[in-house]
Amino acid sequence: MEFLTNDKLVIVGAAGMIGSNMAQTAAMMRLTPNICLFDTYKPGLEGVVEEMNHCGFSGINFTYTSDVAEAFKDAKYIVSSGGAARKAGMTREDLLRGNARIAEQLGKDIKMYCPDVRHVVVIFNPADITGLVTLIYSGLKPSQVSTLAALDSTRLRTELAKYFHVPADEVVNTRTYGGHGEQMAVFATTTTVAGQPLAQIIGTKALPREEWEEMKQRVIQGGKNIIDLRGRSSFQSPAYLSIEMIAAAMGGKPFNWPVGTYVDNGSYDHIMMAMETTLDKSGVEIHEVSGSPDEKKELDESYHHLCRLRDEVISLGIIPPISEWHDLNHNLN
């Protein structure tokens with residue numbers, strides 16, 4: 001089987017559970033023979049490379065390094081899970097300060113060592129903020145940096161499929177927008193279940209409104225549930241979805257789940273958040289989000305929550321005031 005491209009893919013945080021799963025998924029999907037694994041924790045990194053080699057993949061050259069200059073040299077695609085993991089009792093927002101600093105360095109390293117990179121996927125939490133910080137310091141175009149947001153939409157699909165006892169494929173176009181966190185906006189008007197509009201089912205015997213509200217909370221707390229069940233944060237699902245994202249950017253099939261993207265459209269400004277998008281070889285394209293007045297209100301609330309987190313990062317001195325972003329990245333107004 002041929003590879004999608006021969007271009008260099010770098011997986012940042014490759015010694016961790018998400019990173020190592022990303023490496024294996026990228027190899028199984030035959031994205032490129034040129035996969036570089038980067039992590040500051042060298043023993044763990046070496047262990048991952050050993051395991052990848054033990055898999056017996058054909059034609060793939062796994063390289064690895066703890067030197068960021070070596071890792072990023074000639075990189076065309078980057079996926080980064082290189083932040084601190086969420087632990088029991090923590091929210092995504094609890095990771096803000098430390099991971100924002102890591103994102104700052106990631107952006108600076110991209111600008112210094114691989115300014116010609118074509119696409120970067122950021123998945124360490126809080127992903128909306130870490131993606132924004134990375135974008136500001138990288139100098140890349142907004143369409144070239146995306147963050148993992150699809151996981152919330154796939155969790156909504158899972159909850160509906162379990163509730164109605166139908167195959168997941170019969171639950172179509174589940175959507176969450178805004179922040180990847182406690183304030184995400186969970187939409188119903190986009191979705192059909194076994195061909196029926198979900199919005200018309202909610203409030204009936206089939207799905208009483210209180211059951212729907214409880215389901216929304218399970219979606220919002222989906223990451224916490226994994227921690228409670230497995231004793232650690234999600235790693236298989238974010239690994240798979242992020243590699244699907246980078247595969248789309250590499251020229252594979254378009255990624256049609258929502259992704260986190262930079263938005264500055266007059267309604268939502270100077271923020272990274274989940275929108276209706278298409279991600280393909282040309283990057284991220286934003287589409288209009290449609291929904292009920294209540295759903296739009298939830299999305300507005302999610303946006304304002306993200307603005308508060310953004311402003312906190314500004315107050316910490318990690319990123320400058322919005323008026324100075326253009327000085328760091330001329331693609332941002």
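Biologist: What do the side chains of Arg157 and Asp169 do?

Modeller: Keep in mind that this is a predicted model. In it, Arg157 and Asp169 form a salt bridge, 3.6 Å from N to O. Arg157 sits in helix α6 (residues 150–164), while Asp169 is in the loop between α6 and β7, 12 residues apart.

Biologist: Is Asp169 buried or exposed?

Modeller: Asp169 counts as exposed, at 67% relative accessibility. Arg157 is partly exposed, with 23%.

Biologist: And which residue does Arg175 pair with?

Modeller: Arg175 goes with Glu276, and their closest N and O atoms are 2.7 Å apart.

Biologist: What about Glu298 and Lys216?

Modeller: Those two make a salt bridge as well, at 2.8 Å from N to O. Glu298 belongs to helix α11 and Lys216 to helix α8, so the bridge ties together parts 82 residues apart in sequence. Lys216 is buried, at 8%, whereas Glu298 is partly exposed, at 23%.

Biologist: How many salt bridges does the count come to?

Modeller: The count is 12. There's also a network of them linking Arg101, Glu104 and Lys108.

Biologist: OK, switching to the sheet. What order do the strands come in?

Modeller: It's an open sheet of 9 strands, running β3-β2-β1-β4-β5-β6-β12-β13-β14, with mixed pairing. β3 and β14 are at the edges with a single partner strand each, so one side of each has no neighbour in the sheet. From one strand to the next, the twist averages 35°.

Biologist: In which sense do β5 and β6 pair?

Modeller: Parallel, over 3 bridges. Within that pairing, Val122 has Thr147 of β6 as its bridge partner.

Biologist: Which strands does helix α1 touch?

Modeller: Helix α1 (residues 17–28) packs on the sheet against β1, β2, β3 and β4, and its direction makes about 155° with that of β1.

Biologist: Zooming out, how many helices and strands are in the chain?

Modeller: 12 helices and 14 strands. The radius of gyration is 19 Å, close to the 20 Å from the globule rule for 333 residues, so the chain is as compact as a globular protein of that length.

Biologist: What share of the residues is buried?

Modeller: Buried residues make up 54% of the 333. The accessible surface is about 14,300 Å², and 48% of that belongs to carbon and sulfur atoms.

Terms used:
Residues are numbered from 1 along each chain as its sequence is written. This is a predicted model: local features need pLDDT of at least 70, side-chain atom pairs count only at pLDDT 80 or more; totals for chains, interfaces and linings use all residues. Side-chain values use heavy atoms; hydrogens and water are left out. Two strands pair if DSSP finds at least two bridges between them. Helices (H or I, at least four residues) and strands (E, at least two) are DSSP runs, numbered from the N terminus. Axes are lines fitted to C-alpha atoms, for helices over the stretch in contact, and angles run from 0 to 180 degrees between N-to-C directions. Contact means heavy atoms within 4.5 Å. The radius of gyration is taken over C-alpha atoms; the globule rule is 2.2 Å times the number of residues to the power 0.38. Buried means under 20% relative accessible area, exposed over 50%, partly exposed in between (1.4 Å probe, protein chains only). Accessible areas come from the Shrake-Rupley method with a 1.4 Å probe; for residues, only the protein chains shown count as cover. A salt bridge is a side-chain nitrogen of Lys or Arg within 4 Å of a carboxyl oxygen of Asp or Glu.
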